[in-house]
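Work through the exercises below with the sequence and the model side by side. Try each task before you read its solution.

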Amino acid sequence: MKLYTKTGDKGQTSLVGGRVDKNDVRVEAYGTIDEANSVIGWAMTLLQDEKFRDIYEELQRIQHELFDCGGDLAIVGEKMPYKVKADMVTFLEERIDAYIQQAPPLERFILPGGSPQAAALHMARTVTRRAERCVVALMKQQQTNEVVLQYMNRLSDYLFAIARVVNARLHVKDVEYERSAIVFRDKNEKKGESE
């Protein structure tokens with residue numbers, strides 16, 4: 001098998017159901033998901049310590065699911081079963097809820113960083129957010145699997161949550177944005193205020 005095919009030398013690429021320009025909104029969406037996957041892979045190289053085994057294994061699962069996201073977005077006008085399903089979104093939500101309990105309470109915006117591991121996860125989060133925006137742009141123009149958008153949205157929240165947990169496990173404090181008002185409140189506290 002040759003690594004190069006020369007079929008894209010005129011600026012087009014093949015999708016399931018046709019060929020498009022390489023700067024097509026669909027290619028931009030799944031290409032940016034690939035970027036997010038790559039940054040996650042880099043972050044994983046910093047998370048090989050035993051104390052991060054749970055996070056590392058989840059990120060490996062997520063890398064496979066991001067390939068599924070890209071595969072679903074590469075389908076044009078074909079009636080094929082999508083791979084990305086609602087239960088994948090639910091898994092991320094469950095993990096976010098669990099990890100929130102493992103980090104210090106959050107009141108203000110924080111700066112991306114702390115430890116090198118958390119900084120890498122924040123970088124993955126911001127690329128994931130960009131991928132999410134690309135999927136939104138795609139959905140405004142063409143039909144695609146809408147669950148991919150939900151998945152990308154939850155994934156960025158998940159990456160934020162685990163970046164904070166990684167800092168907590170390393171005993172590194174998150175740095176609060178110094179001009180931030182209190183923006184995150186406990187739901188029970190809010191409820192008490194409104195009653």
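The exercises go from the whole chain to single residues and pairs.

This is a predicted model, in which local features need pLDDT of at least 70, side-chain atom pairs count only at pLDDT 80 or more, and totals for chains, interfaces and linings use all residues. Residues are numbered from 1 along each chain as its sequence is written, and side-chain values use heavy atoms, with hydrogens and water left out.

**Exercise 1. The whole chain**

Task: State how many helices and strands the chain has, and the pattern it follows.

Solution:
- Step 1. Helices (H or I, at least four residues) and strands (E, at least two) are DSSP runs, numbered from the N terminus.
- Step 2. The chain has 6 helices and 2 strands.
- Step 3. Along the sequence, the pattern reads β-β-α-α-α-α-α-α.
- Step 4. Of the 195 residues, 38% are buried. Buried means under 20% relative accessible area, exposed over 50%, and partly exposed in between (1.4 Å probe, protein chains only).

**Exercise 2. One alanine**

Task: Is Ala43 buried or exposed, and which residues does Ala43 contact beyond its sequence neighbours?

Solution:
- Step 1. Ala43 sits in helix H1, residues 25-45.
- Step 2. Its relative accessibility is 0%, so Ala43 is buried.
- Step 3. Contact means heavy atoms within 4.5 Å. Setting aside neighbours within four places in sequence, Ala43 contacts Ala120 and Leu121.
- Step 4. Ala43 and Ala120 are 77 residues apart along the chain, yet their C-alpha atoms are separated by 5.1 Å.

**Exercise 3. Rings and charges**

Task: Classify the pair formed by the rings of Tyr99 and Tyr158.

Solution:
- Step 1. Rings of Phe, Tyr and Trp (its six-membered ring) pair if their centres lie within 6.5 Å; planes under 30 degrees apart count as stacked, over 60 as edge-to-face and the rest as tilted.
- Step 2. The structure has 1 aromatic pair. The ring centres of Tyr99 and Tyr158 are 6.2 Å apart and the planes are at 65°, so the pair is edge-to-face.
- Step 3. Tyr99 belongs to helix H3 (residues 86-100) and Tyr158 to helix H5 (residues 147-169), so the pair ties together parts 59 residues apart in sequence.
- Step 4. Tyr99 is buried, at 0% relative accessible area. Tyr158 is buried too, at 0%.
- Step 5. Now look for a charge. A charge sits over a ring if NZ of Lys or CZ of Arg is within 6 Å of the ring centre and within 35 degrees of the ring normal. The charged end of Arg95 sits over the ring of Tyr99, 4.7 Å from its centre. Arg61 lies over the face of Phe91, 3.6 Å from the ring centre.

**Exercise 4. Salt bridges**

Task: Which helices hold Arg129 and Asp157, and where do Glu57 and Arg53 lie?

Solution:
- Step 1. A salt bridge is a side-chain nitrogen of Lys or Arg within 4 Å of a carboxyl oxygen of Asp or Glu. The structure holds 13 salt bridges.
- Step 2. Arg129 and Asp157 form one of them, at 3.2 Å from N to O. Arg129 is in helix H4 (residues 116-141) and Asp157 in helix H5, so the pair ties together parts 28 residues apart in sequence.
- Step 3. Glu57 pairs with Arg53, with their closest N and O atoms 3.4 Å apart. Both lie in helix H2 (residues 53-73), 4 residues apart, about one turn of the helix.
- Step 4. Glu50 joins Arg53 and Glu57 in a network of salt bridges.
- Step 5. Glu57 is partly exposed, at 44% relative accessibility. Arg53 is partly exposed, at 45%.
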